[in-house]
Amino acid sequence: MTHSEPAPEPGRPVVLRGGTVLTMDDAGTVLTDADVLVVGDRIAGVGAGLDVPEGTQEIDARGGIVMPGMIDTHRHMWQTAMRGYGADWTLTQYFVWYYLEHGKKFRPEDIAAGNRLAAIESLDAGVTTTVDWSHNLHTIDHGEAALDALRSVPGRFVMAYGNIQAGPWEWSADPAVRSLLERLRDASDDMMGVQMAFDVTGDPTFPEKAAFEVARDLGIPVTTHAGVWGATNDDGIRLMHEHGFMNPETVYVHASTLTRDSYQRIAATGGSISVATESECSAGQGHAPTEQVLEYGIPVSLSMDTSVWWSGDMFSAMRATLNADRMSEHLTAHLAGDTITHLRLRAQKVVEWTTRGGAHALGRDDLGSLQEGKKADVVLIKNDNSPVSFPLLNPFGHVAFQAQRGDVHTVLVNGRVVKHDGKLVGIDLAPVRREIESTIDYLKGACGEETWQQGMFPDMPAAEAAILDNPYQYTDYVDESKRAGGEERVLGR
């Protein structure tokens with residue numbers, strides 16, 4: 001950014017002038033030197049040289065990319081209070097720490113602290129809609145605290161209510177939980193959606209049936225971790241299908257280790273898959289199912305999972321998804337003695353998945369594209385101080401491979417400017433920092449310093465791989481360039 005610009009005043013129309021506009025419409029239209037006009041909470045126009053109402057505030061988008069707000073369909077926002085703590089975890093260590101041991105130590109205020117920080121982080125990175133896969137709400141007070149924290153931040157959110165400390169058939173039967181879910185369902189608040197979040201283990205008695213019946217009774221969609229190695233499998237999908245609980249609103253997170261039969265059931269019932277590639281690559285749920293979703297025609301959205309491990313932005317999600325799919329495609333070909341000459345997954349597709357795909361998964365046809373009449377969730381990627389900002393040749397490739405959260409210049413949510421000129425608007429991080437520091441101090445005390453450190457730095461595997469003997473130890477090689485100069489040196493000595 002070349003200079004500090006005042007943030008647009010609330011309530012006035014805003015026009016982003018002269019940018020490269022990724023409309024993300026059905027045709028994938030890209031407009032150059034074009035404008036996006038926002039009036040109220042809606043997009044009022046997209047095109048070149050737009051006439052605007054008197055008093056409209058202008059944002060210079062020249063040299064930048066204007067795109068729809070990004071959508072994350074699966075983020076455990078409460079865990080952001082422990083950002084980076086589990087950088088070296090396996091999925092097993094994650095389960096042990098949160099599910100079996102220390103997750104139950106979180107107080108309502110700790111859930112709120114993580115949620116608030118995660119919500120702000122989303123906006124800063126141009127993620128205008130985030131699904132809070134909130135699966136540590138072991139009392140109704142935890143649920144209310146999570147919700148209040150989300151409402152304190154001017155983003156668009158979906159509360160996916162869950163509780164890993166009890167079976168879904170137990171917590172979904174709680175009248176207080178049901179009352180909160182009904183309140184969210186009936187609020188007619190398009191800034192806050194609601195889902196039920198729980199997993200299906202494949203137990204042949206199908207105890208999760210009761211939770212599905214609650215979801216059906218309330219008319220609330222279900223989001224579930226499916227196809228996670230060693231945790232959820234094809235039996236869970238089969239039970240859901242046989243009992244009639246698979247529908248177009250269902251979101252299957254990861255879906256990494258399923259068979260053809262399960263993918264066909266998902267495709268036939270219209271559900272969507274939330275691919276969290278950084279998670280799948282690092283934690284071990286299985287390989288990101290990009291090949292399968294393309295093969296079976298399953299709708300896709302992207303997600304980042306949790307900041308206890310990974311970055312909380314969708315640029316990383318898009319980049320990881322492209323890299324993982326291409327690595328798999330190349331490796332498969334190499335093992336067969338072949339090579340790949342044309343890639344199946346393109347940059348434009350992952351940009352679609354993180355905008356239109358997320359909107360589809362959430363049933364929000366008013367989001368995910370820049371078209372007249374749609375909700376004004378808009379992101380400007382522009383950073384005049386960065387040598388990476390130019391040349392701008394392939395805008396989809398630029399978003400997926402070149403841009404970072406620091407390049408997010410302006411963010412509008414529901415027509416409101418929440419970030420401008422690279423700075424959050426009306427958000428004070430100081431109290432949020434104090435809130436997080438209080439949570440960390442509490443968790444350290446509750447765990448004990450030794451347990452806290454052991455959790456953050458797990459032991460190395462007991463049997464470390466030995467370094468193989470190398471027959472190529474160039475100890476007798478004479479550097480000819482030195483000999484020519486009258487100096488003889490034996491490398492390696």
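**Ground rules.** I number residues from 1 along each chain as its sequence is written, and I use heavy atoms for side-chain values, leaving out hydrogens and water. The model is predicted, so I take local features only at pLDDT of at least 70 and side-chain atom pairs only at pLDDT 80 or more, while totals for chains, interfaces and linings use all residues.

**Aromatic pairs.** I looked up ring pairs of Phe, Tyr and Trp (its six-membered ring), with centres within 6.5 Å; planes under 30 degrees apart are stacked, over 60 edge-to-face, the rest tilted. The structure holds 25 such pairs. Trp-78 and Tyr-98 form an edge-to-face pair, 4.9 Å centre to centre with 70° between the planes. Trp-78 lies in the loop between β6 (70-75) and α1 (91-101) and Tyr-98 in helix α1, so this pair ties together parts 20 residues apart in sequence. I take helices (H or I, at least four residues) and strands (E, at least two) as DSSP runs, numbered from the N terminus. Both Trp-78 and Tyr-98 are buried. Buried means under 20% relative accessible area, exposed over 50%, partly exposed in between (1.4 Å probe, protein chains only).

I then checked Phe-212 and Phe-245: their ring centres are 4.9 Å apart and their planes at 15°, so the pair is stacked. Phe-212 is in helix α6 (residues 209-218) and Phe-245 in the loop between α7 (234-242) and β11 (251-254), 33 residues apart. Phe-212 is buried at 3% relative accessibility, and Phe-245 is buried at 6%.

One aromatic cluster includes Trp-78, Tyr-98, Trp-309 and Trp-452.

**Strands.** I found β11 and β12 running parallel, joined by three bridges; two strands pair if DSSP finds at least two bridges between them. Tyr-252 stands opposite Ile-273 in β12. From β12 (residues 272-275), Ser-272 and Ser-274 point one way and Ile-273 and Val-275 the other way, and all are buried.

**Cavities.** I counted three cavities of 30 Å³ or more. A cavity is a set of points on a 1 Å grid over the protein atoms alone where a 1.4 Å probe fits but cannot get out; lining residues have an atom within 4 Å of a point. Points are joined across faces, edges and corners, and a volume is the space filled by probe spheres set on them. The largest cavity has a volume of about 90 Å³. Of its 13 lining residues, the closest to its centre are Ile-381, Lys-382, Asn-383, Ser-389 and His-398.

How values were computed. On a 1 Å grid over the protein atoms alone, a cavity is a set of points where a 1.4 Å probe fits but cannot get out, and a pocket is an open set with protein on both sides within 12 Å along at least five of seven lines; lining residues have an atom within 4 Å of a point.
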